[in-house]
Amino acid sequence: MKKTFLFIYLFTVSLFAAPPFPPTPAQLVSNAPIIAIVTITNLTTENFSIRTNQVTQQKADLIVEQVLKGSLTEPARLRFYVLGNIHFESRPPMLFEGRCIAFLTRDGDFYTRSDDWHSLIPIRNDQVDWYPKPEPLPTALTTLKKLIASP
């Protein structure tokens, strides 16, 4: 009986603590009004409290290499908030410095990720780190342009 209860408890906890399954490129394209290849620089992190909640705010500059969808005005700034009292396993990934394909939306004077988990896809050595496997940047760009052009 105890083993069954423990199994059900651990299974239930893992459902809520696990990050969401990555969306497909088609889902990312449809949910993002702005898609661009950018380099994230000058990343700053600030912690503060709002009532009883600890909040981490990150801000960064974006160097725009190529806009694929929408418009991105320079100087472009990226902002991200995360509550500090969220379990580590269920907390969205923090911003990072480097080159990536960004799926963004506008929030006042800043841009934000269109999906907290999967809107910044790193580009390393001209390989796009898609889930489940990386692919060459030219192939990824061709795929994205087709998805953007389709209704």
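**View A. Strand β1 pairs with strand β4.** Seven bridges link β1 to β4 (residues 98-107), and the two strands run antiparallel. Strands here are DSSP runs of E, at least two residues in length, and helices are runs of H or I of at least four, both numbered from the N terminus. Two strands pair if DSSP finds at least two bridges between them. Look for T39: its bridge partner in β4 is R99. This is a predicted model, where local features need pLDDT of at least 70, side-chain atom pairs count only at pLDDT 80 or more, and totals for chains, interfaces and linings use all residues. Residues are numbered from 1 along each chain as its sequence is written, and side-chain values use heavy atoms, with hydrogens and water left out.

**View B. Strand β1 also pairs with strand β2.** β1 covers residues 34-50 and β2 covers residues 53-69. They run antiparallel, joined by 14 bridges. I37 stands opposite Q66 of β2. T45 stands opposite Q58, also in β2. Two residues lie between the strands of this hairpin, where R51 takes a positive phi near 55°.

**View C. Q57 sits in strand β2**. Is Q57 buried or exposed? Q57 is buried, because its relative accessible area is 7%. Buried means under 20% relative accessible area, exposed means over 50%, and partly exposed lies in between (1.4 Å probe, protein chains only). Which residues does Q57 contact, leaving aside its neighbours within four places in sequence? They are T44, T45, E46, F48, R79, F80 and Y81. Contact means heavy atoms within 4.5 Å.

**View D. There is one aromatic pair**. F103 and W130 form this pair, with 6.5 Å centre to centre and 50° between the planes. The pair is tilted. Rings of Phe, Tyr and Trp (its six-membered ring) pair if their centres lie within 6.5 Å; planes under 30 degrees apart are stacked, over 60 edge-to-face, and the rest tilted. F103 lies in strand β4, while W130 lies in the loop between β7 (127-128) and β8 (135-136), so the pair ties together parts 27 residues apart in sequence. F103 is buried, at 0% relative accessibility. W130 is buried too, with a relative accessible area of 10%.

**View E. Two arginines lie over ring faces**. R106 lies over the face of Y111, at 4.5 Å from the ring centre. R113 lies over the face of F80, at 4.0 Å from the ring centre. A charge sits over a ring if NZ of Lys or CZ of Arg is within 6 Å of the ring centre and within 35 degrees of the ring normal.
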